[in-house]
Amino acid sequence: MLKLGNSLSLPTVKNADYSPIDHIAGKPDIWLDAHCELQRQLQADGAGIENFVNIGNTRATVQPRQSVSANAPTYDASDASIKWESVLFDGTDDFFDFDSTYNSEDDFTFACVFQLGSPSNEAIVGGATGGLNRLVVYANSILLRFNGTGSSNGGIQLFLNNTDNGTTSYSFSDQVEVIMVRKDTSNNIHVYNKDGDKIGYYAADTKTDQPWQIDRIGHLNTSPASSFAGGRIGEWALFKNDILESKSIAVAEALYKKWKV
C-alpha cells in the first residue's frame, strides 16, 4: 500500500468498487463513477442513462440527468478500450445537464478519466450560460474558462505539447487518459496527466479570478450547442478545494491504474 502523508492511502489491489478517490480525506462535492455499485445497479449494458449518479457530498442537490432519450449517453459495460463500465457519448447530441448549477469555491481540484478517440473538441465541463464556463479537451491543448455567472473573464487555451507551461510535453491519445486540473488558493492553474506529469501551468490573472460554474457534461450551452464529446468517460470528480500537488499526482496515477486496460 502506498501512503502519502496522513490523509491519502491508495490500495494496490482493486475490487469491484475501488477508487483512489475513496482514500482522500473529504470526498468530492461531485463524484461520478460509472463503475460504482449504485450506477451498476441502475443501468443495463447498452441502455441510455437518465441519471449519472453523484456519489459525492452534494448528492442530494446536484445530479447530472438526461430525460430526453435521444440525447442520453449510453451505459457501456463491454468496450475493450477501457477497463470498467463507462458512459459513452455519441459526439453528436449526447449530454447531461445538472439539476442544480454548482459554483466552485475559489480553489478546487478536478479529475476526469476519459477515452475520447483522438480528442478534437470535447467538452467535459460546461456552464449554464453560453460557453462562459468550460473545460474542452483537444489532443494537444485544453480550453478553460472561469466566469461564474458573468462574462468578464476571457478564455484560456493552454497548449500542452511543449514544456513552456509544464515539465513534460504531452498530447492526449485515443486510449484511456486522465486529466487533473488544480486551481490553487492564489488562482494559479496546474494540469497533470495520467502519469502524474505536470503538463500545464497558467499563472493567476484576470482570467482565473472567478468561480467555475458547473452545469453540464458533454457539450457547451451555446447556440447552437457545440463541442459535443465523442467517446467514454469513466470517472469525473470535482473537489471543493485544492488537494495540492502530491495528492493530485497520486490520484492521477491511481485513476489510470484503475481504468487502463
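**Entry 1: a hairpin.** I started with strands E10 and E11, which form a hairpin with 3 residues between them. My strands (E, at least two residues) are DSSP runs, as are helices (H or I, at least four), numbered from the N terminus. This is a predicted model, so I ask for pLDDT of at least 70 for local features and 80 or more for side-chain atom pairs, while totals for chains, interfaces and linings use all residues. Residues are numbered from 1 along each chain as its sequence is written, and side-chain values use heavy atoms, with hydrogens and water left out.

**Entry 2: the neighbours of E10.** I count strands as paired if DSSP finds at least two bridges between them. E10 (residues 134–137) is joined to E11 (residues 141–145) by 4 bridges, and the two run antiparallel. Here valine 136 stands opposite leucine 143. E10 is also joined by 4 bridges to E9 (residues 122–126), again antiparallel, and glutamate 122 stands opposite valine 137.

**Entry 3: which way do the side chains of E10 point?** Arg134 and Val136 point one way, Leu135 and Val137 the other, and all are buried. Buried means under 20% relative accessible area, exposed over 50%, and partly exposed in between (1.4 Å probe, protein chains only). In a regular strand the side chains alternate between the two faces of the sheet.

**Entry 4: the cores.** I define a nonpolar core as a set of buried Ala, Val, Leu, Ile, Met, Phe, Trp, Tyr and Cys residues joined through side-chain atoms within 4.5 Å. The largest has 42 residues, and Phe110, Ile142, Trp212 and Trp236 have the most contacts inside it. Strand E8 (residues 108–115) gives the most to this core, with 4 residues. Apart from it lies another core, of 20 residues, among them Ile55, Val176, Ala237 and Val251.

I then listed the contacts (heavy atoms within 4.5 Å) of isoleucine 142. Leaving out residues up to four places away in sequence, its partners include Leu135, Val137, Phe172 and Val191.

Entry 5: Most residues other than glycine have a negative phi, and most peptide bonds are trans. The bond from serine 223 to proline 224 is cis, with omega near 0 degrees. Proline 224 lies in the loop between E16 (213–217) and E17 (230–239). Serine 227, in the loop between E16 and E17, has a positive phi of about 60 degrees and is buried at 10% relative accessibility. Asparagine 187 has a phi near 75 degrees; this residue sits in the loop between E13 (177–183) and E14 (189–192) and is buried at 17%.
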